Structures are given as structure tokens and as C-alpha cells.
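Please look over the sequence and the structure below before reading on. The briefing that follows goes through the sheet, the elements around it and the contacts between helices.

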Amino acid sequence: MEALKTQGIDLPRLGFGTFRMPGGGCQPVVESALELGYRHIDTAEMYQNEEAVGAAITASGLARKQLHLTTKVWHENLAQDALRRALDASLAKLGVDYVDLYMVHWPSRDMDLGAVMETMQGFLQSGTVRSIGVCNFNVTMLRKAIEEVGAPIACHQIEYHAFLDQSKMLNYLREKGIPLVAYAPLAQGRAASDPVLQAIGTKHGATAAQVALAWLLEQDGVAVIPKAQRRESQKSNLDALAVKLDDEDRHAIAALPKNHRFVTPPFAPEWDA
Ligand SMILES: NC(=O)c1ccc[n+]([C@@H]2O[C@H](COP(=O)([O-])OP(=O)(O)OC[C@H]3O[C@@H](n4cnc5c(N)ncnc54)[C@H](OP(=O)(O)O)[C@@H]3O)[C@@H](O)[C@H]2O)c1
């Protein structure tokens, strides 16, 4: 599968999300995804499934190097000692010596960004983390991390789908050569029942969900991490790599409302800053 090269890692453009699958039930789901060919797994300490993800990786028999593994530190654990403990706990639960990408899951209002990034860079030196990234930053925060602190941000993970405009963020990231990892790429499943995407799908012998993923995948520097518990959906999402859109499709998708943000916890930053 095509991968995005960034800060020494190769990030497969279509990964597998694992949010809302806490506990052991996540293991067979991730085993199925690995068997179908996914080689990029996205988890987080907050998802409470790192043990299950680790067990699935072991059960798959894949060599560790064949797989890209992302995990994330929760926003309450950004002080230096807490961050170190969080990484150690994630590695132990996952049963691995290193993760390919370690991300700040959400910014926190009282974090010391310079100290957070310095601690994360220390992980790079120790070899427990191959690259570092952030999620849910606004452009002002990203600019600070990259231009003031000088952190080697490998990618930025944010909500992005056919119903949410992220052009300002994409412009900034492209200027810096940093990939955007689109979370909730199916608008948490809503894309599957959208009539415009369905009509485009019918034209290409594809599903609406595949059209939603194909639209993201054709954009420069964008990776996607759809989550699917059902094996048919896991397979169908992988097959979205082969779906090609035309200009008429792009115009129709561009005309969809682009102001629907579905992930808005109370601790979210001011998005437009
Ligand atoms: N960094 C962050 O703050 C953050 C926030 C949110 C998410 N994420 C990451 O991004 C991943 C993806 O986001 P998400 O899970 O919120 O939403 P999503 O991937 O947009 O949507 C998942 C939903 O879509 C359904 N679905 C999947 N494939 C489908 C298909 N082919 N046809 C119809 N329905 C389909 C799934 O159903 P079933 O599962 O029932 O099959 C599930 O209900 C997460 O799992 C997580 O790893 C990160």
C-alpha cells in the first residue's frame, strides 16, 4: 500500500481506527483487519484496548517491522513524569518495544508545549518511539509547536471528512510538508447513508463509504483511519483504494455542507484560531 514518508517513517495511507472498542472484544476485530491486509493500526491509551491490540498483533504472526502502530497520550498526562509513565504503560500493554508514532491526543489549556515536545523528543532518542505527532491542534498551536518549539511533527491527526472543511489546516500542513491523518473519515458512519455519496457510488459500482474514503485518499498528503467492526466493512474500506472519482463527483462533494464537526468534547481547543 502507498505510504506517506514523514520524519523517518512510512505511514500507510489507509489505516485502521479502534475507537469505541474497549477491552478484549477489540482483539478479533484487529486480527481480522490485519488478516485482510491493514498495516497501520491507530489506538490510544484512552481507548482502553491497547492490550487487545497488542494481542492481535502477536496473534497475527506479523513481524513488528511490517506494521505501523500509533498510540496517543491523554491530555491529562502531559506533565513530564506523567508522560513518561503513560508511554511506559502503553508499551507494556501493547507488548512492544516501540511505537511508530506517539501522539498528543488533545492539547490541554495548561500544558507547557515546549516541555511536552522536549519530553516526546527524548522518546525518539531512546528508541521507544520512532516519530511524534499531535492531534486536535488548531493552526496557532501547530505553528507554535513547529516554528517556535521546532518539534519534528510527523503528522497531525484531526477530524476530516466530506462534511467538514479543513482547507486552512491543509494549507498550513502542506506548506510545512506534514501529512494530515483524517479521523472519523466516514463522519462516524454517516457518510454511508448520504444520498450524494450514494449516487456517486452507484455510478462507479462503489458504496457511499468507499466514495467518502476515495475523496480523502486522492488528496495530497492525506491518510485515513476508518474504524469498522464488521469484516465486510473492513474489506470494503480497503477496496476504496481502487475507487477513482471524476470532476463531476468532486464538484458534487464540494457542494456538500462543510460545517459538520462531530467530535466536540468540552476540552476541545478553539478550532478556528
Ligand atoms: N485523535 C482523536 O482525537 C480521534 C478522535 C476520533 C477518532 N480517532 C481515530 O479515528 C478512527 C476513526 O474514527 P471513528 O471511529 O470515530 O469514525 P469513522 O471511522 O468515521 O466511522 C466509524 C463508523 O462507521 C461504520 N463503518 C465503517 N465502515 C463502514 C462501511 N464500509 N459502511 C458503513 N459503515 C461503516 C462503523 O461501523 P462498525 O464499526 O459497526 O462496522 C462505525 O460505526 C477512530 O477509530 C480512532 O482510531 C481519533
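This is a predicted model: local features need pLDDT of at least 70, side-chain atom pairs count only at pLDDT 80 or more; totals for chains, interfaces and linings use all residues.

Residues are numbered from 1 along each chain as its sequence is written, and side-chain values use heavy atoms, with hydrogens and water left out.

**The sheet**

- An open sheet is formed by 8 strands, in the order β3-β4-β5-β6-β7-β8-β9-β10, and the pairing is parallel.
- The edge strands of this sheet are β3 and β10, each of which pairs on one side only.
- Strands of a sheet pair through backbone hydrogen bonds, either parallel or antiparallel.

- Strand β5 is largely enclosed by the rest of the structure, because 6 of its 6 residues are buried, where buried means under 20% relative accessible area, exposed over 50% and partly exposed in between, with a 1.4 Å probe and protein chains only.
- From β5, His 68, Thr 70 and Lys 72 point one way, whereas Leu 69, Thr 71 and Val 73 point the other way, and all are buried.
- Strands β4 and β5 run parallel and are joined by 3 bridges, with Asp 42 standing opposite Thr 70 in β5.
- From β4 the chain crosses through α2 to β5 in a right-handed β-α-β crossover; right-handed here means that, with the strands pointing away from the viewer, the path from the first strand over the helix to the second runs clockwise.
- With strand β6 (residues 101-104), β5 pairs in the parallel sense over 4 bridges, and β5, α3 and β6 make a right-handed β-α-β unit.

**Strand β9 and its partners**

- In strand β9 (residues 180-183), Leu 180 and Ala 182 point one way and Val 181 and Tyr 183 the other way, and all are buried.
- Strand β8 (residues 153-159) pairs with β9 in the parallel sense over 4 bridges, and the bridge partner of Ile 158 in β9 is Ala 182.
- A right-handed β-α-β unit is made by β8, helix α6 (residues 167-176) and β9.
- Strand β10 (residues 222-224) runs parallel to β9 and is joined to it by 3 bridges; here Ala 182 has Val 224 as its bridge partner in β10, and Val 181 stands opposite Ala 223.

**Helix α2 and its packing on α3**

- Helix α2 (residues 50-60) and helix α3 (residues 80-94) pack at an angle of about 45°, with their axes 7 Å apart, the axes being lines fitted to C-alpha atoms, for helices over the stretch in contact, and the angles running from 0 to 180 degrees between N-to-C directions.
- The two helices α2 and α3 are therefore oblique to each other, since angles under 35 degrees count as roughly parallel, over 145 as roughly antiparallel, 65 to 115 as roughly perpendicular and the rest as oblique.
- In this packing, Glu 50, Glu 51, Val 53 and Gly 54 in α2 meet Ser 90, Lys 93 and Leu 94 in α3, contact meaning heavy atoms within 4.5 Å.
- The buried residues of α2 are Glu 50, Ala 52, Val 53, Gly 54, Ala 56 and Ile 57, and what covers them includes α1 (26-36), β4 (40-42), β5 (68-73) and α3.

- Helix α7 (residues 195-204) and helix α8 (residues 208-217) pack at an angle of about 90°, with their axes 7 Å apart, which makes α7 roughly perpendicular to α8.
- Leu 197, Gln 198, Ile 200 and Gly 201 in α7 meet Ala 208, Val 211 and Ala 212 in α8.

**Met 21**

- Met 21 lies in the loop between β3 (16-17) and α1, and at 4% relative accessibility Met 21 counts as buried.

How values were computed
Two strands pair if DSSP finds at least two bridges between them.
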